[in-house]
Amino acid sequence: EMLRSLVGSEMCIRDRAGGMSIALEFTDVVVRREGRDIIDHVTWQVDDDQRWVILGPNGAGKTTLLQLADTLMHPTSGAVTVLGETLGRTDVFELRPRIGFASSAMAKRVPRDETVLNTVLTAAYSVLGRWNENYEDIDERRALRVLGDWRLDHLADRTFGTLSDGEQKRVQIARAVMTDPELLLLDEPTASLDLGSREELLALLSGYASSPTTPAMLMVTHHVEEIPVGFTHVLLMREGRIVAAGPIAETLTADTLTETFGMPIVLSSDEGRYAARAAS
């Protein structure tokens with residue numbers, strides 16, 4: 001009887017784990033601001049083994065999509081389900097620690113005199129700036145390991161304000177992955193970087209995206225050149241609507257980019273990297 005009960009509970013756990021394959025689900029989602037639909041009837045699903053890049057012009061609704069996924073915003077209508085919890089019917093404060101979010105808006109809130117190690121370490125307590133928290137050795141060891149993964153270990157004692165743009169971007173991502181999230185959101189992680197810094201970060205993102213233990217990922221960008229190798233899917237947006245969504249190889253085409261950006265586009269690819277320009 002006891003054995004049957006143990007086997008039953010193990011199967012139940014396995015079923016539950018197996019059932020958590022959808023990381024994010026939008027069902028007919030609308031976000032309306034001042035009479036305008038900035039997200040316009042979006043239905044979309046992200047599985048936990050997928051790495052999505054979200055592409056589109058300014059004002060397409062890309063960042064709003066990430067804010068919905070990060071529970072910072074609720075839809076005007078429709079349903080958003082994040083990690084099995086539906087917004088409006090769940091405690092978002094319990095949900096948020098399960099989501100990693102890196103954005104330049106977040107970087108502006110990091111105290112300039114905070115060390116790199118403390119900037120990453122404070123993610124464990126969801127605070128910006130170190131006050132009186134007591135950190136355990138295990139937290140510090142994990143923070144140092146994460147810094148190593150993102151090539152920041154040599155900067156652990158430097159203050160955030162003295163870092164280059166590329167270093168600050170890597171610190172933001174390291175902070176976002178510190179809590180071992182089940183969903184990772186990156187808002188334009190390579191924006192404003194020079195060529196060397198961009199390529200270094202894209203190589204790190206490719207390595208991270210390719211690991212089977214990595215969570216579901218969403219990355220917003222304006223440029224196909226900034227799609228890391230190893231990302232699996234693309235969502236193309238224009239004026240709050242989905243132009244196309246699906247596996248990158250079949251969804252990212254000259255035609256879908258032309259429709260997304262409203263001008264004729266030529267697309268080329270080489271070893272998993274893409275380049276786009278206006279058709280002459």
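Predicted model: local features only at pLDDT ≥ 70, side-chain atom pairs only at ≥ 80, totals over all residues.

Colleague: Okay, which residues of helix H10 are buried?

Modeller: In H10, which runs over residues 254–261, the buried residues are Thr256, Leu257 and Thr260. Seen down the axis of the helix, the buried residues of H10 fall within an arc of 100°, so they line one face of the helix.

Colleague: And what covers the buried residues of H10?

Modeller: The cover includes several strands, among them E3 (51–55), E9 (233–238) and E10 (241–247), and it also includes helix H9 (248–251). Strands E11 (265–270) and E12 (273–278) are included as well.

Colleague: What follows H10 in the chain?

Modeller: H10 is followed by glycine 262, and the phi of this glycine is positive, near 70°.

Colleague: Switching to E9, how many of its residues are buried?

Modeller: Five of the six residues of E9 are buried, which leaves the strand mostly covered.

Colleague: In which sense does E9 pair with E3, and in which with E10?

Modeller: E3 and E9 pair in the parallel sense over four bridges, and within that pairing leucine 55 has leucine 236 in E9 as its bridge partner. With E10, on the other hand, E9 pairs in the antiparallel sense over six bridges, and there histidine 233 stands opposite proline 247 in E10.

Colleague: How many residues lie between E9 and E10?

Modeller: There are two residues between E9 and E10, which form a hairpin, and glutamate 239 in the turn has a positive phi of about 50°.

How values were computed: Residues numbered from 1 in each chain as written. Heavy atoms only, no water. Buried < 20%, exposed > 50% of the residue type's maximum accessible area, 1.4 Å probe, protein only. Arc of directions from axis to C-beta. Contact = heavy atoms within 4.5 Å. Pairing = 2+ DSSP bridges.
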